[in-house]
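Me: I am new to reading protein models. Could we go through one together, step by step?

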Amino acid sequence: MRAINSAKIEFLSRSANEAFARAGAACFAAQLDPTLEELGDIKTAVSEAVTNAIVHGYPDRLGRVVLKLRIYPEHWLEVVVQDWGAGIPDIDKARQPMYTTGGEERSGMGFTIMESFMDTVKIRSAPGKGTTVAMRKKISVRTRP
């Protein structure tokens, strides 16, 4: 399926850029006229994915994070967060609730949260090469009176 519209945002893995990524995704998604709940879901999922890239992908250095946004026919939004950092050695283990490699201050709920707010979440990763998280959400079509 071919995208109707797309955008790409690239930024350094600074924690301040998480809010930028969240806002950028929300602004892009706005063209689909999502409900406030749908918009909140998208922002939360983006926040979790970008935070994972920053905290786990680049725990001891700055690196590059890319946010790709695409709109597909029938009101599908795709959000891809990619880094070239540490990677995930065991994706199945990382997807388990409460599992974290980020220390006591991390909840280990990032992937669980992404999965609960988006329709699909796919993760590709290789140790030392980075991680790509691709998420999709179908936005409801609202009728106008």
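Here are some questions and answers about this predicted model.

Me: Which pattern of helices and strands does the chain follow along the sequence?
Reply: Let's start with the count: the chain has 4 helices and 5 strands. Reading along the sequence puts them in order, and the pattern is β-α-α-β-β-α-α-β-β.

Me: What share of the contacts with a separation of 6 or more comes from residues 24 or more positions apart?
Reply: Here we look at contacts in the chain with a separation of 6 or more. Among these, residues 24 or more positions apart account for 66%.

Me: Is Thr-132 buried or exposed?
Reply: First, find the residue: Thr-132 sits in strand β5, which covers residues 130-138. Its relative accessibility is 12%, and the cut-off for buried is under 20%. Because of that 12% value, Thr-132 counts as buried.

Me: Which residues does Thr-132 touch, not counting those up to four places away in sequence?
Reply: Good follow-up! Residues up to four places away in sequence are set aside here. The residues that Thr-132 touches are then Val-80, Val-81, Gln-82, Lys-122, Ile-123 and Arg-124.

Me: How far apart are the mean positions of the positive and negative charges?
Reply: The chain has 20 positive and 17 negative charges. Taking the mean position of each group, the distance between them is 7 Å.

Terms used
Residues are numbered from 1 along each chain as its sequence is written. This is a predicted model: local features need pLDDT of at least 70, side-chain atom pairs count only at pLDDT 80 or more; totals for chains, interfaces and linings use all residues. Side-chain values use heavy atoms; hydrogens and water are left out. Helices (H or I, at least four residues) and strands (E, at least two) are DSSP runs, numbered from the N terminus. Contact means heavy atoms within 4.5 Å. Lys and Arg count as positive and Asp and Glu as negative; His and the chain ends are not counted. The place of a charge is taken as NZ of Lys, CZ of Arg, CG of Asp or CD of Glu. Buried means under 20% relative accessible area, exposed over 50%, partly exposed in between (1.4 Å probe, protein chains only).
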